[in-house]
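Hi,

Here's the structure I promised to pass on.

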Amino acid sequence: MDKIVRMQRLNKYFGDHHVLKDIDLSVDAGEVVVVIGASGSGKSTLIRCVNGLEEYESGELSVDNQKLEPKGGNQKALTEIRKEVGMVFQQFNLFPHLTVKENVMLAPRKVKSTDKAEAANIAMKLLDRVGIANQAEKYPSQLSGGQQQRVAIARALAMEPRLMLFDEPTSALDPEMIGEVLDVMRELAKEGMTMMVVTHEMGFAREVADRVIYIHGGQIVEEGKPADVFDNPQNERTQSFLSRVLKH
């Protein structure tokens, strides 16, 4: 199986705070890996290391066969990785002065030097894919939070990524808007997109993930198929965490 992500003994610090501790993790092509854990456990930092948004201090990390060196080394590899990795954040990070279509056009225009007409065609296809082609000429401020997040997903897909990273993509949304974003992510999973997802949406994790990883204190303490992790967790910390979050 083609491994898109490989981490070995990866360590990350913020000052004296040891955020990630000897992380060993790989993600296969076409696999959906969902990372769960309490706030401050290191799960968002883990996913941000994958595309170099956070620099790690020691260990090994490769993405799509590009080796990313510790402490920001190998900028050439980082540039190549970012061409192949799309990321969707908690906040939508759309450019407010550009229309929805123009926001999605940016990546193919700037990164891949696609001509304007073709970039517009790509943008419209992707907006249709996420169900908001009819909003193409509006500005982000005219959209709901769920619609803005779907634009952000379309923008990430415009890079034609080999891997999609989602860092708590529904945490800033009102409850009634969460479902529409998760539906788009479900469709991506069905289409075979390789995905790493940090989320508090346990129902989504159970339904869509091929593998669930539970992080506590910067360490992977449990991983396995969703049914195993949710229904028969082996680690006491996993049991305690799930007993709290699954009650709500």
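This is a predicted model: local features need pLDDT of at least 70, side-chain atom pairs count only at pLDDT 80 or more; totals for chains, interfaces and linings use all residues.

Residues are numbered from 1 along each chain as its sequence is written, and side-chain values use heavy atoms, with hydrogens and water left out. Helices (H or I, at least four residues) and strands (E, at least two) are DSSP runs numbered from the N terminus.

Back to α1 (residues 43-50): seven of its eight residues are buried, so the helix is largely enclosed by the rest of the structure. Buried here means under 20% relative accessible area with a 1.4 Å probe, protein chains only. The residues in question are K43, S44, T45, L46, I47, C49 and V50.

Helix α9 (residues 236-245) buries T238, F241 and L242. Those three span an arc of only 95° around the axis (taken from the directions from the helix axis to the C-beta atoms), which puts them on the same side of α9. Their cover includes β3 (32-36), α7 (202-208), β9 (211-216), β10 (219-224) and α8 (226-231), with contact meaning heavy atoms within 4.5 Å.

Then there's an open antiparallel sheet of four strands, ordered β2-β1-β4-β5. β2 (17-28) and β5 (66-67) are the edges, each with a single partner strand, so one side of each has no neighbour in the sheet. Pairing takes at least two DSSP bridges between two strands; β4 (residues 58-63) and β5 have two. In that pair, S62 sits opposite K67 of β5.

Cheers

Terms used
Buried means under 20% relative accessible area, exposed over 50%, partly exposed in between (1.4 Å probe, protein chains only).
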